[in-house]
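Let's go through this one together, one question at a time. Keep the structure open while you read.

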Amino acid sequence: MYRVTGRTRRGPGGPRVQRAGAPGAVAGKPTGRPVPPVVLALRRLPQPRLTGLGAGLFASAVMLTLGFLDRLLLDGSPVVYGLLFLPVSALTALWVRAADLVTAPIAVPIAFAVGVVPIAGGTGGFGGQAMAVVTALAVHAGWLYGGTLVAGLIASVRKVREMGRRQHLVRTAATSAPAAGGSSAGASPVAGEAPGAGGRGPASGGRTPRRRPVA
């Protein structure tokens with residue numbers, strides 16, 4: 001089954017026949033691969049762009065809130081706290097702006113240390129509380145390393161994609177600049193010459209008009 005979709009540039013009136021069902025046969029229909037549902041769900045999430053300081057404050061505030069909730073509801077379960085730390089690390093690396101991607105793996109461990117204070121269980125003043133926090137960090141270092149690794153991987157992938165996008169823009173600008181210059185130079189004819197005259201005479205085809213004598 002064939003359908004006529006338009007005219008080609010090869011002939012003045014020759015129709016172009018394209019097979020129905022071929023890629024690009026239906027106008028406006030994407031022909032690429034289908035997007036996975038997980039990617040679609042991630043695209044629906046809000047996409048704020050936090051600075052380095054904002055990302056650190058966001059991660060610290062969220063982990064501190066989760067630490068208090070863990071202590072009140074689950075009696076300070078370190079497993080629940082560690083599991084909640086992983087998505088917070090991922091969101092911190094996703095929401096920080098491209099110029100501050102390097103701060104994501106640095107802000108995440110600080111947020112883990114801030115949030116572990118409510119579930120550390122220290123007693124005896126500031127010294128005892130500090131020792132309890134250090135002990136909790138040493139015991140639950142696996143969750144700390146895991147969240148930092150997640151944030152580092154996401155930040156690295158975003159950095160590589162940003163560099164590739166910049167290189168593509170530079171390459172596109174470099175290839176389009178000579179083409180634009182050449183077309184503008186060839187499109188402007190010389191003043192006094194007609195297009196296609198070859199530069200051998202004026203617009204009248206190279207013949208000088210005669211003047212009629214005045215009576």
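## How the helices pack

Helix α3 (residues 78-95) and α4 pack with their axes 10 Å apart, at an angle of about 150 degrees. Keep in mind that this is a predicted model.

Q: Are α3 and α4 roughly parallel or roughly antiparallel to each other?
A: Look at the angle, which is about 150 degrees for this pair. Anything over 145 degrees counts as roughly antiparallel. So α3 and α4 are roughly antiparallel.

Q: What is the handedness of the crossing of α3 and α4, and which residues of α4 make the contact?
A: The crossing is right-handed. On the α3 side, the contact is made by Y81, F85, S89, T92 and A93. On the α4 side, the residues are A104, V108, A111, F112 and G115.

Q: How many charged residues are in the contact of α3 with α4?
A: Sort the contact residues by class and you get seven nonpolar and three polar ones. The number of charged residues is: none.

Q: At what angle do the axes of α2 and α4 cross?
A: Find helix α2 at residues 52-74 and helix α4 at residues 104-115. Their axes come within 8 Å, and the crossing angle is roughly 30 degrees.

Q: Which residues of α4 make the contact with α2?
A: The crossing of α2 and α4 is right-handed. From α2, the contact uses G56, A59, S60, M63, L64 and G67. From α4, it uses A107, A111, V114 and G115.

Q: How are α2 and α3 oriented to each other: roughly parallel or roughly antiparallel?
A: The axes of α2 and α3 come within 10 Å and cross at roughly 160 degrees. The cut-off for roughly antiparallel is over 145 degrees. So this pair is roughly antiparallel.

Q: What classes of residue make up the contact of α2 with α3?
A: α2 passes α3 in a right-handed crossing. Residues in the contact include A55, F58 and D70 of α2, along with L84, T92 and W95 of α3. By class, the contact has 14 nonpolar, two polar and one charged residues.

## Zooming in on single residues

Q: Is T92 buried or exposed?
A: T92 lies in helix α3. Leaving out residues up to four places away in sequence, T92 touches A55, F58, A59 and V108. Its relative accessible area is 0%, and buried means under 20%. So T92 is buried.

Q: Is T123 buried or exposed?
A: T123 lies in the loop between α5 (117-120) and α6 (125-139). Apart from neighbours within four places in sequence, T123 is in contact with G128 and Q129. The relative accessible area of T123 is 65%, and over 50% counts as exposed. So T123 is exposed.

Q: How far apart in space are G82 and G146, C-alpha to C-alpha?
A: G82 is found in helix α3, and at 0% relative accessibility G82 counts as buried. In sequence, G82 and G146 are 64 residues apart. In space, the C-alpha to C-alpha distance is 8.9 Å.

## The whole chain

Q: In what order do the elements of the chain run from the N terminus on?
A: The secondary structure comes to seven helices and two strands. From the N terminus on, the order is β-β-α-α-α-α-α-α-α.

Q: What share of the residues of the chain counts as buried?
A: The chain has 215 residues. The buried share is 21%.

Q: Where in the chain is confidence highest?
A: The chain averages a pLDDT of 74, and 61% of the residues score at least 70. Confidence is lowest in strand β2 (residues 15-19), at a mean of 48. At a value of 92, the highest confidence is in α4.

Technical notes
Residues numbered from 1 in each chain as written. Predicted model: local features only at pLDDT ≥ 70, side-chain atom pairs only at ≥ 80, totals over all residues. Heavy atoms only, no water. Axes fitted to C-alpha atoms, helices over the stretch in contact; angles between N-to-C directions. Helix = DSSP H or I, 4+ residues; strand = E, 2+ residues; numbered from the N terminus. Left-handed = near helix turned anticlockwise from the far one by under 90°. Contact = heavy atoms within 4.5 Å. pLDDT = per-residue confidence, 0-100. Buried < 20%, exposed > 50% of the residue type's maximum accessible area, 1.4 Å probe, protein only. Parallel < 35°, antiparallel > 145°, perpendicular 65-115°, else oblique. Nonpolar A, V, L, I, M, F, W, Y, C, P; charged D, E, K, R; others polar.
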